[in-house]
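Subject: Handover of a structure and summary of findings

Dear colleague,

Please find the structure below, followed by a summary of what was found in it. I would be grateful if you could read the summary with the model open.

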Amino acid sequence: MARLGLVFGDQLNANHAVLEYLDPARDQLLMGELASETSYVWHHARKIALIFAAMRHRAQELREEGWSLRYQVFDAEHACRSFTDLVAAALRDGDFEEVVVSWPGEWRVLDEVRGWERQLDIPVTVLPDTRFVCALEDFEAWAEGRKQLRMEFFYRQMRRQTGLLMVEDKPRGGDWNYDRDNRKAWRGEPPAARPMRFKPDSVTADVLALVGSKIDAFGSLDDFDLPVTQAQSRQALAHFVRSGLPHFGDFQDAMADDEDWLFHSRLSFSLNLGLLDPIEVCEAAEKALGDGQAPINAVEGFVRQIIGWREYVRGIYWMKMPDYAEMNELDSHQPLPSWYWTGDTDMRCLAQTIDATRRNAYAHHIQRLMVTGNFALIFGVLPRQICEWYLAVYADAYDWVELPNTLGMVMHADGGLLGSKPYAASGKYIQRMGNYCKQCRYKVADTVGEQACPFNALYWDFLDRNREKLKDNQRMRMMYRNLDRMNSDRQQAIRDRAAWIRDNAESL
Ligand code: FAD
Ligand code: DLZ
Ligand code: SF4
C-alpha cells in the first residue's frame with residue numbers, strides 16, 4: 001500500500017525528510033492552500049501570496065522530479081479548510097497505510113497532527129524538520145542543567161559544531177563576537193543596498209490575482225518582487241553578499257527614515273520557507289570574508305544571526321511550548337493601539353516603520369525591536385495582542401520564530417529566559433540610531449509636556465512600574481540609578497504624563 005506525505009507550505013526545502021522517507025514510484029505527496037491557515041491571524045497579503053507562489057512553484061518542481069502530488073488550490077468555499085480536512089479527503093480517495101509529515105513550524109499544527117491517529121484511524125509518522133542546523137534533541141541536551149540559557153554560549157557551540165568561522169578550535173579573527181563594532185548610525189553614506197527584485201511569472205501573477213480578490217488580508221500587494229523559488233533565492237543571496245554584506249556589520253543597528261532595507265539581507269523569507277539552507281547562507285558569507293569582499297565584523301555578525309539567534313529561538317520555542325505562549329511576567333495588559341494596523345500616528349518612527357511594514361511585509365530587526373517592539377514593551381501591551389500583530393504582518397513570521405522574539409526578546413514576558421534584560425529605551429536611543437526625530441512633531445529632548453516624545457515618559461514609567469521585578473538585574477542598575485537621581489516632583493510629573501499617554505494612546 002502507498003504512503004501519504006503532507007508537505008507543509010513553509011517546508012519547501014530540497015532535503016525535506018518526507019522526500020527521503022517516501023518512494024516516488026509508489027507513494028503520494030499532498031499540499032494545500034487552506035482557509036484555516038490564511039485566517040488564523042489577519043496575515044499580510046504579501047505573506048499569503050509569497051507562500052502560495054512558492055508552494056505552487058515547488059509543487060511543479062516535485063512533479064517534474066517524478067512525484068505524484070495532489071495539490072489543493074485555494075477556494076474559500078472548499079470543504080477542505082484545514083490540514084485535517086485535507087488529509088481526510090486524500091485518505092477517502094486513496095488507499096494509504098501511513099501518513100508522514102515533517103515536524104511543523106508551529107505548535108498549533110503539531111497539536112493538530114497529533115490528533116490524526118485517533119481521528120483518522122491511520123498511523124502517523126513525524127520526521128525531523130531538516131531546515132535547521134541544530135536538532136531539537138541537541139538543543140535540549142545543550143540546555144539541560146544550565147542555570148541560564150544564553151544565546152552567546154549556544155552560538156559558540158554551533159560555531160564549533162559547524163566549523164563556521166573557526167580556525168581549528170579557535171574563532172576566526174581571534175574573537176567570538178564583534179558586536180562592539182556594529183553600532184554605527186547611518187548618515188546617508190555609503191548608499192544603502194537594495195534587495196534584488198524578481199518580476200512575478202505567470203504562476204505568481206495568478207496567485208497575486210487570487211489573493212488580491214479572494215482573501216481578506218492586511219497590507220499591500222503592490223510591486224510584489226519576492227523570490228519564490230530556490231533558484232531565485234540563491235540569486236538574492238549572491239546579490240546580498242556582493243552589495244549588503246560588506247556594510248551589514250557597521251550599520252546592523254541603524255535606522256533611516258527613507259530607507260526600508262539599509263544593509264539587511266531580506267533572506268528571512270527564503271530561509272523560513274526552506275528555499276535557502278542556513279549553512280549555505282553562512283558559507284557564502286564566510287567565502288566573502290576569505291575573498292576580502294566583506295570584513296570580519298560584518299560576516300561574524302551575520303553568521304551569528306543565523307546559526308546563533310535563529311537556531312536558539314527555535315530551540316527555546318519547542319522546549320517551552322505550549323506554556324510559553326501564555327507567559328506575562330511583567331503583567332502587561334494594555335490593548336494594542338489601533339494605529340499599529342494603520343500607521344496613523346504622529347510618532348514619526350512608528351508611522352514610518354508601520355508604513356514600511358504595510359508596503360513590504362518587512363521591517364528590519366532594529367525597527368521591530370526598538371520601535372514597534374520597544375513601544376509595546378514600555379506602553380505595556382498585552383503580550384498576546386502584540387504577538388498576534390507580529391505573526392500577522394511580516395512575511396517571514398511563523399510561530400517558532402515570531403513568538404520567542406516578541407514574547408521573550410521584546411516583551412520580557414518570559415521573565416528573562418531569552419534575553420538577559422528588557423530592550424526598553426527612551427527616544428534618545430531612536431534619535432541616536434536613526435533620523436526620524438528631525439521630522440517628528442514630538443520633541444525628543446522633552447520628557448513631560450504636550451510636545452514631549454512619548455517614548456521618554458513611558459520609558460521612565462516602565463522602570464518605575466516594574467522596579468520590584470527588574471531592580472536586581474545587574475544590567476539595569478545604571479538605569480535605576482538615573483531614575484533615582486530625579487526628585488519626587490519630576491518622578492510624579494513623569495507618572496502623570498505616562499498615565500495621560502496611556503489614556504490617550506489612540507490620538508498620539
Ligand atoms: P538580516 O538582518 O539580514 O539577518 C540575517 C538573518 O538572520 C535573517 O534573515 C534571519 O534568518 C536571521 N535572524 C536575525 N535575527 C534573528 C532573530 N532575532 N531571530 C531569528 N532569526 C534571526 N524573524 C523571522 O524570521 N520571523 C519572524 O517572525 C520574526 N519576528 C520578529 C519579531 C520581533 C519582535 C523581533 C525583534 C524580531 C523578529 N525576527 C523575526 C527577527 C529579525 O527581525 C528578522 O529575522 C529579520 O529582520 C529578517 O530580515 P533580514 O532577512 O533582512 O535579516
Ligand atoms: C502561513 C501559512 C499560510 C498563510 N497558508 C498556508 C497554506 O495555505 N498551506 C500550508 O501548508 N501552510 C500555510 N502556511 C504555513 C502554516 O500556517 C504553518 O505555519 C506551517 O504549515 C507549519 O509548518
Ligand atoms: Fe519617535 Fe520620539 Fe523621535 Fe518622534 S521624537 S520620532 S516619537 S523617538
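A residue is called buried under 20% relative accessible area, exposed over 50%, and partly exposed in between, with a 1.4 Å probe and protein chains only. This is a predicted model, in which local features need pLDDT of at least 70, side-chain atom pairs count only at pLDDT 80 or more, and totals for chains, interfaces and linings use all residues. Residues are numbered from 1 along each chain as its sequence is written, chains are lettered from A and ligands numbered from 1 in the order in which they are written, and side-chain values use heavy atoms, with hydrogens and water left out.

Contact means heavy atoms within 4.5 Å. Leaving aside neighbours within four places in sequence, His-264 is in contact with residues including Phe-240, Phe-248, Tyr-362 and His-365.

Asn-272 is placed in helix H12 and is buried as well, at a relative accessible area of 4%. Beyond its neighbours within four places in sequence, Asn-272 has contacts that include Asp-10, Arg-131, Arg-310 and Asp-396. Its C-alpha atom is separated by 17 Å from that of Ala-45, which is 227 residues apart along the chain.

The sheet

An open sheet is formed by five strands in the order E3-E2-E1-E4-E5, with parallel pairing. Strand E3 (68-72) and strand E5 (124-127) stand at the edges with a single partner strand each, so one side of each is left without a neighbour in the sheet. On average, neighbouring strands of this sheet are turned by 25° against each other, direction ignored. Axes are lines fitted to C-alpha atoms, for helices over the stretch in contact, and angles run from 0 to 180 degrees between N-to-C directions.

Two strands count as paired if DSSP finds at least two bridges between them. Strand E1 (residues 2-6) is joined to E2 by three bridges, and Leu-4 stands opposite Gln-28 in E2. Five bridges join E2 to E3, where Gly-32 stands opposite Gln-72. Strand E4 (residues 96-102) is joined to E5 by four bridges, with Ser-102 opposite Leu-127.

Four of the five residues of E2 are buried, so this strand is largely enclosed by the rest of the structure. Helix H3 (residues 45-64) lies across strand E2 (28-32) and E3, and runs at about 160° to E3.

Helix H23

In helix H23 (residues 477-484), the residues Met-479, Tyr-480 and Leu-483 are buried. They cover an arc of only 95° around the axis, which puts them on the same side of H23; the arc is that of the directions from the helix axis to the C-beta atoms. The buried residues of H23 pack against helix H21 (454-465), helix H22 (467-470) and helix H24 (488-503).

Pocket and cavities

On a 1 Å grid over the protein atoms alone, a cavity is a set of points where a 1.4 Å probe fits but cannot get out, and a pocket is an open set with protein on both sides within 12 Å along at least five of seven lines; lining residues have an atom within 4 Å of a point. Grid points are joined across faces, edges and corners, and a volume is the space filled by probe spheres set on the points.

The largest pocket holds about 1,300 Å³ of space. Of the 40 residues that line it, the closest to its centre are Met-370, Lys-421, Tyr-423, Tyr-429 and Arg-475. H20 gives the most to this lining, with five residues.

Four cavities of 30 Å³ or more are found in the whole structure, and the largest cavity has a volume of about 790 Å³. Among the 33 residues lining the largest cavity, the closest to its centre are Ser-268, His-365, Arg-368, Asp-396 and Asn-405.

Backbone features

A cis peptide bond joins Glu-189 and Pro-190, with omega about -10°. Another cis peptide bond joins Met-321 and Pro-322, with omega about 5°.

Yours sincerely

Technical notes: Helices (H or I, at least four residues) and strands (E, at least two) are DSSP runs, numbered from the N terminus.
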